[in-house]
Amino acid sequence: MSHDVKKYSRATQVVHAGQHVDPATGAVAPPIIQSSTFSFKDCAQGAARFAGTEEGYIYSRMGNPTVARLEEAVSTLENGFGGFATASGMAALNTVVFALMGQGDHMVGTSSVYGPSRVVIERDFSRFGVASDWVDTSDIEKVRAAMRPETKIVFVETPANPTMVLTDIAAIAEIAHKNGSIVLVDNTFASPILQRPIELGADIVMHSMTKFINGHSDIVGGMIIPKTKELYTKIRPAHYYLGACMDPHPAWLALRGFKTLAMRVRTAQDGAQKVAQWLEYNPKVEWVRYPGLASHPQHELAQRQMEGPGSLISFEVRGGLEAGTALLDSVELMTLAVSLGGVESLIQHPPSMTHAAMSRENRIAAGITDGLVRLSVGCEDADDIIGDLEQAFQKV
Ligand SMILES: *Cc1c(COP(=O)(O)O)cnc(C)c1O
């Protein structure tokens, strides 16, 4: 029923991973198993399932057949050992930290990670004795200098949000592993179509499936993909006990969205390349940050580490906050909203939105300037997106 899809290309894998025909009914589309609990045929079977000596479902917080298909699908693409679907991307991060860190442990993280990812560790996990340092991980020497004997996790987001700064995953893995630390990569921006961190040396990959993996801006979800059975076994109880599990219904939607991941990512990327080039020639734009432009400081690393530059663009509108706000208030086709990775183009202002919880000092130090605008290019025709920007810039 299930076959090895790893021998196929990524575009084929996304269509078939986790998508085996339902053995009970022959249904081609996966059924939504909307059940909180699963019966045992007798006490011996129940005991065996709890003991882990027999495979099978017990209770949906501990595993569910629809959710398991999604875990299999994403894990296949990331080349991991199993996976844990979570209620959100934040739940994925919190589950990993809850599973692997404790009193006296230390984390080194990318300074410009997704705002709440940093806030929860700096402000909340610190109450439980977890220390952290946030550095520009694109500078390997800064990572080396921040490492301590008690550094458990090096947490990297690349490309980072919203500065589009890249981190060399293989170089980080070398430093971390020498120190006995684990490398956690947030692969939300690239998706496994464009970047497979485990193949580059990472130990755990996390996703906000709210973004590209689901791709239709209609659910919130997350995923944890460990590289090894050992890490899988360590994270598993935390996933049960923290209760950050995903419900079967959104898992089914994500599984449906996943089938078109490759085509969506590539279409949006083609559009983003055109939009970024257009922005670069716009006199009202101070600078554009997009890994597909030769002007990106790490254009070479993008070509080496990623299979494409993706569809997120950051740019600074000349005139700072006021000009940026005028632009955002004037778009017609694009939607003023946070989030990214959907089929529709979204535009937002990180300093006052996604990264507003950071102090201004930390924000500026992380490269998130007052006039920074982030654009998530969707699957619309690139000329229409450019047309929308053109009319909006006229009002700036
Ligand atoms: C959105 C996002 C998250 C958080 O995910 P949620 O699903 O909103 O909880 C984490 N990392 C990155 C890079 C994101 O874009």
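## Two packed helices

Helix α3 (residues 65-78) packs against helix α11 (residues 248-258) at an angle of about 35°, and their axes lie 8 Å apart. The crossing of α3 and α11 is left-handed: the near helix is turned anticlockwise from the far one by less than a right angle. Helices here are DSSP runs of H or I with at least four residues, and strands are runs of E with at least two.

This is a predicted model, where local features need pLDDT of at least 70 and side-chain atom pairs count only at pLDDT 80 or more. Residues are numbered from 1 along each chain, and side-chain values use heavy atoms.

In α3, the residues that meet α11 include Leu70, Val74 and Leu77. Among their partners in α11 are Trp252, Leu255 and Phe258. Contact means heavy atoms within 4.5 Å.

## Aromatic pairs

The whole structure holds nine aromatic pairs. Ring centres must lie within 6.5 Å; planes under 30 degrees apart count as stacked, over 60 as edge-to-face and the rest as tilted.

Phe40 and Phe50 form an edge-to-face pair, 6.4 Å centre to centre with 70° between the planes. Phe40 is in the loop between α1 and α2, and Phe50 is in helix α2, so this pair ties together parts 10 residues apart in sequence.

Phe84 and Tyr232 are stacked, at 4.5 Å centre to centre and 20° between the planes. Phe84 lies in strand β1 and Tyr232 in helix α10, so the pair ties together parts 148 residues apart in sequence. Both Phe84 and Tyr232 are buried (under 20% relative accessible area, with a 1.4 Å probe and protein chains only; exposed is over 50%, partly exposed in between).

Notes:
Axes fitted to C-alpha atoms, helices over the stretch in contact; angles between N-to-C directions. Phe/Tyr/Trp six-rings, centres within 6.5 Å; stacked < 30°, edge-to-face > 60°.
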